[in-house]
Amino acid sequence: MNSSKIGIVIVNYNGAKYQNECVKSILNSTYENYKIIIVDNDSKDDSMDMLNVFSDERIVKIYAKQNLGVAAGNNLGIVKAFEFECDSILLLNNDTILNEDTIECMVEELDNNPIVSPKIYYWEDKNKFWYVGGKFNKIKGTSIHYYYKEKDCGQNIDDYCDYAPTCCLLIRKDVFYNVGFIDPIYFMYCDDTDFCMRAKIAGYKIKIAKKASMYHKVSLSTGGEGSKLSIYYMNRNRFYFVCKYKRQLSFLSYQFTYWSRKLKYFKSIFTKSNSKIINEAYKDYKHNRMGKCDKI
C-alpha cells in the first residue's frame, strides 16, 4: 500500500464549535503517516487553545497575524507541508468528519491519480450526497455537484471528473508545481473552482475514491449557505471567475451570470432575503475590490 506522507492542511477561523471533532476523526484514522497543519486566521475564540487536549506531535499550529482567508491560509499550510517533506497535501475543512478509513482509501488511489476526492455526505443526513463528482457548467460559469442533495441509492458514480471542492481533496505535491497554489484573491469560495479549472487546463483529472467517504457540516463556519457572508463571496468571486476563464467557458457565461444575479437581487428587494448583498458583491468586483471584505 502507498505509504505517502500526507500534510493535512486545515484553515481555522473561530472554529471552537466543530474543529476538535474534525481533528479527533483524523487521529482515529487507520492511516497514520501524516502531519496535521492547522493555520489559524487570527481567531477571536479559544479554538486553538482547545487543541491542547490532543497530545500528538503530528499536530502543528501556524498563527497568521490577520484573517488571510481560506485560500491564502491553505497556501501557508501547503508551504509548511513542503517543509515537512510531505508527498501529498490533503486540503480539509474543519467542519468535516472523516471515517476511520477515509484517508487510507484515498491514499490507495494516489499512485495512478494525482488528485483524489472522497464521496462527501451531509453530516445532518448521512445518506444524502453533498459531493460525488462534479464538472464545470460553461454557460453558467459555475461548478456542479453530481447527485447534489440526492439520497444514496447506489447511483452510477463516475470514476473521474473535472471538479472537486477543497473541502476534502488529496493532491500530490507535483500538481502544485505544475498548476500553482490556491489563488488568494478569492479569499473564500470559488478558490477551489479556480484551482480545478487550472488543473483541468493542465490536463489533470480528479479521481473519485468510491470506497472513501466523509461528512460535511455544510457552510457552518460561514453561517450557512444562505448567510450574507456566503452569498457575498460566492457572487463576487463568480463574476471574477467567469471573467478570468472566459476562453475556457462560453461567451454567454458572463451575460448569464450578470443577468441571473441581477434578477436574484431584484427578487430580494421584495422578499427581504440576504441576496440583497449581491449588488454590493457586483460593485466590489467591478472596482477590483477583491480579497477580504470588511463591510459584512
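Reply: The count here comes to 17 salt bridges, a salt bridge being a side-chain nitrogen of Lys or Arg within 4 Å of a carboxyl oxygen of Asp or Glu. Side chains of opposite charge can pair when their charged atoms come close. Please note that this is a predicted model, in which local features need pLDDT of at least 70, side-chain atom pairs count only at pLDDT 80 or more, and totals for chains, interfaces and linings use all residues.

Me: With which residue does Lys244 form a salt bridge?

Reply: The partner of Lys244 is Asp183, and their closest N and O atoms are 2.9 Å apart. This pair links distant parts of the chain, 61 residues apart: Lys244 belongs to helix α6, and Asp183 to the loop between α4 (173-179) and α5 (191-201). Helices (H or I, at least four residues) and strands (E, at least two) are DSSP runs, numbered from the N terminus. Asp183 and Lys244 also belong to a network of salt bridges with Asp194 and Arg198.

Me: Is Asp183 buried or exposed?

Reply: A residue is called buried under 20% relative accessible area, exposed over 50%, and partly exposed in between (1.4 Å probe, protein chains only). Asp183 counts as buried because its relative accessibility is 15%. Lys244, at 34%, is partly exposed. In another salt bridge, Asp284 meets Arg289 (2.7 Å, N to O); Asp284 is buried at 1%, whereas Arg289 is partly exposed at 41%.

Me: How should one read a helix, for instance α7?

Reply: Begin with its length, the expected span being 1.5 Å times one less than the number of residues. Helix α7 (residues 253-271) has 19 residues and should therefore span 27 Å; its end C-alpha atoms lie 26 Å apart, which agrees. Next, consider which way its residues face. An α-helix has 3.6 residues a turn, so residues three or four places apart point the same way. The buried residues of α7 include Ser253, Thr257, Ser260, Arg261 and Tyr265. Its buried residues pack against α6 (228-244) and α8 (278-286), contact meaning heavy atoms within 4.5 Å. After α7 comes Lys272, with a positive phi near 55 degrees.

Me: Which residues make the nonpolar surface patch?

Reply: Ile139, Phe251, Leu252 and Phe256 make this patch of about 400 Å². Patches consist of residues with over 30% relative accessible area and no salt bridge, like charges being joined within 9 Å and nonpolar side chains (Val, Leu, Ile, Met, Phe, Trp, Tyr) within 5 Å. Areas come from the Shrake-Rupley method with a 1.4 Å probe, and for residues only the protein chains shown count as cover. Ile139 lies in the loop between β8 (134-137) and β9 (142-145) and is partly exposed at 37%. By contrast, Asn137, in strand β8, is buried at 18%.

Me: How many helices and strands does the protein chain have?

Reply: There are eight helices and 12 strands. The radius of gyration is 19 Å, close to the 19 Å from the globule rule for 296 residues, so the chain is as compact as a globular protein of that length. This radius is taken over C-alpha atoms, and the rule is 2.2 Å times the number of residues to the power 0.38. Of the 296 residues, 56% are buried.

Notes:
Residues numbered from 1 in each chain as written. Heavy atoms only, no water.
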